[in-house]
Amino acid sequence: QVQLVESGGRLVQAGGSLRLFCAASGRTVSSYVMGWFRQTPGKEREFVAVISWSAGRTYYADSAKGRFTISRDNAKDTVYLQMNSLKPEETAVYYCAATNRYPVVTISQYNYWGQGTQVTVSS
């Protein structure tokens with residue numbers, strides 16, 4: 001199994017930046033596709049970004065393109081989400097997720113999830 005723990009969430013002003021961390025542990029973590037998602041109470045969990053096991057491919061939600069960057073350090077079993085120019089509507093609990101089910105096309109394919117970290121963007 002894979003265990004995921006997010007950190008780095010906090011209060012930040014609109015237009016500010018924040019970097020989230022996802023510490024992963026378990027068997028062959030580096031072989032998993034890793035993604036970031038976010039959720040606001042009463043709304044569905046939505047995709048933000050994903051990175052392949054080799055770190056050679058990334059994909060972003062349209063809302064994140066140009067402002068967010070997902071990266072990973074396999075030696076440290078850590079995944080990052082750098083968020084710039086944050087908007088108030090991006091206030092949410094951010095989750096790290098992992099999957100070894102390919103190809104990844106839906107959220108239901110993710111095997112493992114962290115507990116989330118709260119990001120609050122003030123207006």
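This passage describes strand 1 and two arginine residues, Arg10 and Arg67, in a predicted model. Local features require pLDDT of at least 70 and side-chain atom pairs pLDDT 80 or more, whereas totals for chains, interfaces and linings use all residues. Residues are numbered from 1 along each chain as its sequence is written, and side-chain values use heavy atoms, with hydrogens and water left out.

Strand 1 (2–7), with strands defined as DSSP runs of E of at least two residues, numbered from the N terminus, is joined to strand 3 (residues 18–26) by 6 bridges in an antiparallel arrangement; pairing requires at least two DSSP bridges between two strands. Within this pair, Val2 stands opposite Gly26 of strand 3. The covered face of strand 1 comprises Val2, Leu4 and Glu6, and the uncovered face Gln3, Val5 and Ser7. In a regular strand, side chains alternate between the two faces of the sheet.

Arg10 is located in the loop between strand 1 and strand 2 (11–13). Arg10 counts as partly exposed because its relative accessibility is 44%, the class between buried (under 20%) and exposed (over 50%) for a 1.4 Å probe and protein chains only. Excluding residues up to four places away in sequence, Arg10 is in contact with Ser17, Leu18, Gln118, Val119 and Thr120, contact meaning heavy atoms within 4.5 Å. The C-alpha atoms of Arg10 and Ile70 are 18 Å apart, with a sequence separation of 60 residues.

Arg67 occupies the loop between strand 6 (58–60) and strand 7 (68–73). Arg67 counts as buried because its relative accessibility is 12%. A polar atom of the Arg67 side chain lies 2.9 Å from the backbone oxygen of Ser85.

Conventions. Helices (H or I, at least four residues) and strands (E, at least two) are DSSP runs, numbered from the N terminus. A polar contact is a pair of N or O atoms within 3.5 Å; within protein, one must be able to donate a hydrogen and the other to accept it, and residues adjacent in sequence count only if both atoms are side-chain atoms.
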